[in-house]
Amino acid sequence: MYQFLKRFQSLDRRWVFLGMAISIVLPMLFPVHFPTKVDERVQSLYDRLEELEPGDKVFVSADFDPASRPELEPFFRANLHHMFSRDVDIVIGSLWPFAPPLVTPMIEDLAAQHGAVYGEDYAFLGFKMGNELAIKMIGDDIIKAFPVDSRENVTADLPIMNGIRQAQDFELIMSVSAGFPGTKEYVLQIQGQYNLEIASSTTAVSTPDYVPFYKAGQLFGLAGGMPGSAHYEQLVYEDYPVEGVRMMATQALDVLNLGHLYIIILIVFGNIAFFLTREVEE
Amino acid sequence: MITLPLTTTGFGIVPLTAEVMTLSNLAGVWVSIFLTLAIFSFLYEDNPIYKLAEHIFLGISIAIGATEIYFGVFKPNLIDKLAEGRLLSIIPLMLLVMLLLKVTKKLDYMAKVPIAFIVAAFAGVKLTGEANANLMTQVAQTMPDLPAVYEEHGIWSWDADGAGVFSSIFLVLGLCACLLHFYFSARQTKSMAVVSKVGIIVLMLSFGASFGYTVMGRISLAIGRAQELLGLDKPPIEMTIGAGGDPINRMSLVRMMSLTTLIIIIVFLAVWQKKRNHQED
Amino acid sequence: MKRTVPLIISFIVGLVMVGEFFIPHYKYRAVTSELLEWGLILAAGAFILGLVNLVQVNLPVVIQKKEDWGYKLVMLITLVVTLLIGIYSGTGRQDDGEHYKWLFDYMFVPLNATMFALLAFYIASAAFRAFRARNLEATLLLAAAILVMLARVPIGEAIPVVGDYLPKVMNWIMDVPNIAGRRAIFIGAALGAVSTGLRVILGLERSHLGGE
Amino acid sequence: MNKLLKAILLLCATLLPTSGYATTVTDLSVESPKNGDGLTLDISWNISVEGEHADAVLVVRSKDGESWEQTGDIIAISDSAAYEHSDRLDVPGTWSYKVVLLNADSPEDLDLLLAQARTSSVVSGEPVGKWINTNQGHIALMCLILLVGWLMLHYTKRAMSGDEIYIRKMPGIDAIEEGIGRATEMGKPVLYVPGIDDLQDIQTIASMLILGQVSKTVAEYQSDLIVSCCIPIVREVADEVVRAGFFQAGHPDAFDPTSVRFISSEQFAFCAGTNGIIHREKPATNIYFGRFFAESLILAETGYVNRSIQIAGTAEATQLPFFVAACDYTLIGEELFAVSAYLSRDPRLVSSLKASDMIKVACVAAMIIGTILASLDNDILVNLFTISG
């Protein structure tokens, strides 16, 4: 028994890797769907967006890169779909250098679906370097932060920017954030100073960091990780259905089941083996 | 909280429009599959295919970062403004030149001025931001009105995820204990030790939550890659390659390409491993 | 001179940026937003330095054909080619059919995403081999982690009886102990930022300027 | 000619009796906001509706009686209600405002519209820019910053004049020396990783300060040290620091310049390189102090498998769980900053630490008293700590 456990503990880690791969691929090939309850933080985000009137302006900060795409793309798409469906004007900007090439096709795709006009119904201001400094500038003078948009138009001349000078002039700010700089920096730098309404969609890794901001009322909604995106997807596509839409986060959430179980089993078995062999050694 | 009946799963309804895939797109999909599997081959062992992919990654990520920074900052905020003849923009240009002098041996001390500028600017901005959002607001939010909480949730309410007077007091005292755990200039008395221990317990629960979420985040990323390798990232439409030809299902096509690439990489690894074993003998 | 000028600049710039929070007047804001813009340009400038450093480190390896020089060459070629294509393509670089977009979509995206996806596998391995409940702290941490992992996926909710309470307990951990712990770390970080910030502005902290 | 015509039309319009719909604009007022920037005016008005009403309203403004221009969007109306518009100006000065009532057949041209449509009376105002924000919260924050500054200077003075400021010992600190001792016994090196962030990060600064002490101890034990760096400039500073440490310990000859290594500035390449060191050179003790990201897990796991003693410290909350679960000792958050003060005894660091401690105690007191006061319906402390717009 002791020998077995000892051998078990020094199992080549490539077998562990293989197990992980199987527990991800298997439920994708043979999907099993479990229903899930919508989180209160996502519900509150959705409800606030439902209060928007046609013509209201929202600033979306798309701060993610390909690595965090699986978690945030479903939210970003559903969010644009949600706001376009409500005739809300959307201005998008980004603080991550790798975000523009990633989000431009998504924005154009959704704008085309809703027949939105560039410059009037939506605009993409592009990437701005400088992390906290850039956020401070968005709070201070967004035209100065983004003198030209991603298509080299003069930002101040865009009809959608009429009456907009700083972050405060937007109805809401949506921060789709994969880390630094992102939601936390928005809250730190300008939320309190200008009393802004901000909601966040973020990766699982950052979620526990942002919950205190949500509880303190610094964020009005928080969609965390894959479940957050999946819940929001469910809410949006339930009320604003689209034919043939792929609910990527919902699909991924079903796959996560086995992945989590696998990790839990590894921790439990690893510890059992560790304690049994340690007792024998002592 | 409400429970929603789910009408469409991820594999839902699919529009049956045929699309044309250009050869460049086809090549792109294959390259992307190859690079993905090449990086994953590191899980077996560090090998030439992985090294190749890794160095391509280094080169391309730096170049794309530089391009986006050029179009996102240098062009609009500096070059365009200088071209307009804005005299004030000469100052950042000078600071920039001083910064770049860092690579020289003789004038590298000049870079201290722009470095001082940027560090001080960050320090100033962070100072007020942190003190406001992370200190003042967080403290202000940890002063619950207990009678009001009792009226709303009672001592403990399962319906509101355990909100209530107990949790409110736990939050205040827990936070105090954590803060006192970080009180370094206090002499270690018995009561301080107890408070400190409570602080540690609260911190560990907090880290546990973080841990669980991080596991979820990392697996989510792997799921994203698997979705692409299995062709689940886009609807499985029928498509033709180039102008003519028979239509083929996108999902089957991607899966076929993934499988072939996987086999090629495995064969390569096997040969490489054998050759290496041989050399070692 | 070499020492005093940076210190004076630190003092002035830092103080002006702190004032930004307290002084709403537009004339003052015009000054701060100008300074912020310079900051943005300098932050971008640091990237050029990195680029130069990279070439300085790798080019000699290729020229002298040291170990792995082939890979370094691939890296430098990829770098130069992508950079040229990017600058040449200009504003429309992200349009369909552009080479830059192709490089981004089919090379950069999978590479970046897969690098991070490797961590899912490392977590599995670490879970099996390194995460041990060796003391009270680690035990609590692992227990809370397992609970969150279970509650955060649909299958956890599907467990009879326990499944109803699992998300509630998890939300309680997130809303109460998690917030208490985070706020303590936040407050600590804020105090760190305030004291370090003041040290920088007052010229007491000089490690970024090359020490004493 | 056109202008003259417009002027005549305008005159006629003002002379014509107001008729049509029964919508009236009342209480139109212009105010400069309390802590205004000098380029903002708040306009507010009430609309009362009886029977058939106008479809929408539009706010127009004019500087010093010059031509009128639209400001903001057209606002649709349906009921009697109060409206407000926060107007952004391009230049300061006296601005006049009026509200124009619109219906379906109002002309698009603004001059014609102003001539034909019914408008409210004109009000004027001048934006006032404030040179200090007088919000309670802002004042409180300023006092707090000044207080921290004063405390720091106060304790620096005390520390410099030889006053001992007590700092408690943290469990990880003893482990550092034990780990170095163990490495000496085993004849294996000590590995030190200062995180992967740039020099301007406070955690990297703290790590460099600790490295100075560690290298001194290593030199005293005559053991070997490997420092693995991710940022070129951090390597330069680390090199200086270790050299100085060996010098202070009286063994300047024992310092090996190749022991402080630059691995790669790319996160995962750095990680792979450091993993290689752990695998091949088998350090007996691994010390990770600084700012870590995703690589924390990989390093800690490799070290665990290699059976090294591992001591970690970071303020990066998302990475702490992995260090706690896989390392023998972990310094959490602020403890990292305290270590440098504890080991170096530099008055500037010690005084910062002491000042932070005092504020912490003040926060604890504020929260407990604030909770009691809030429960007695007294929000004075809550308001003091709340900063709003």
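Predicted model: local features only at pLDDT ≥ 70, side-chain atom pairs only at ≥ 80, totals over all residues.
**Entry 1**

I began with C:Asp105, which forms a salt bridge with C:Lys101, the closest N and O atoms being 2.9 Å apart; a salt bridge here is a side-chain nitrogen of Lys or Arg within 4 Å of a carboxyl oxygen of Asp or Glu. Residues are numbered from 1 along each chain as its sequence is written, chains are lettered from A and ligands numbered from 1 in the order in which they are written, and side-chain values use heavy atoms, with hydrogens and water left out.

I then looked up where the two residues sit, and both C:Asp105 and C:Lys101 lie in helix α4 (residues 99-129) of chain C, four residues apart, about one turn of the helix. Helices (H or I, at least four residues) are DSSP runs, numbered from the N terminus, as are strands (E, at least two). C:Asp105 is partly exposed at 24% relative accessible area, whereas C:Lys101 counts as buried at 11%; buried means under 20% relative accessible area, exposed over 50%, and partly exposed in between (1.4 Å probe, protein chains only).

**Entry 2: pairs between chains**

Searching the whole structure, I found 43 salt bridges over all chains. One of them links A:Asp39 to C:Arg152, with 3.4 Å between the closest N and O atoms. The pair joins two chains, because A:Asp39 lies in the loop between α2 (13-29) and α3 (40-50) of chain A and C:Arg152 in the loop between α5 (136-151) and α6 (154-158) of chain C. A:Asp39 is buried, with a relative accessible area of 8%, and C:Arg152 also counts as buried, at 10%.

I also looked at C:Glu34 and B:Arg86, whose side chains meet in a salt bridge of 2.6 Å, N to O. This pair crosses from helix α2 (residues 26-63) of chain C to the loop between α2 (48-83) and α3 (90-100) of chain B. C:Glu34 is buried at 8% relative accessible area, while B:Arg86 is partly exposed at 24%.

**Entry 3: the nonpolar core**

Which residues touch the most other members of the largest nonpolar core? I noted A:Phe64, A:Phe76, A:Ile263, B:Phe211 and C:Phe131, out of 329 residues in that core, where a nonpolar core is a set of buried Ala, Val, Leu, Ile, Met, Phe, Trp, Tyr and Cys residues joined through side-chain atoms within 4.5 Å. The largest share of this core, 20 residues, comes from α4(C). Leaving aside residues up to four places away in sequence, B:Phe211 touches several residues, including A:Ile267, C:Phe131 and D:Phe322; contact means heavy atoms within 4.5 Å.

**Entry 4: chain D against chain B**

Here I recorded a contact that takes 47 residues from chain D and 42 residues from chain B. About 4,000 Å² is buried between the two chains, and carbon and sulfur atoms give 74% of that area; buried area is the accessible area (1.4 Å probe) that two parts lose on being put together, summed over both. D:Tyr166, D:Arg168 and D:Met367 supply 18% of the area that chain D buries against chain B, more than any other three residues. How many salt bridges does the rule find across the interface of chain D and chain B? I found zero. On the side of chain D that touches chain B, α11(D) gives the most, with 14 residues.
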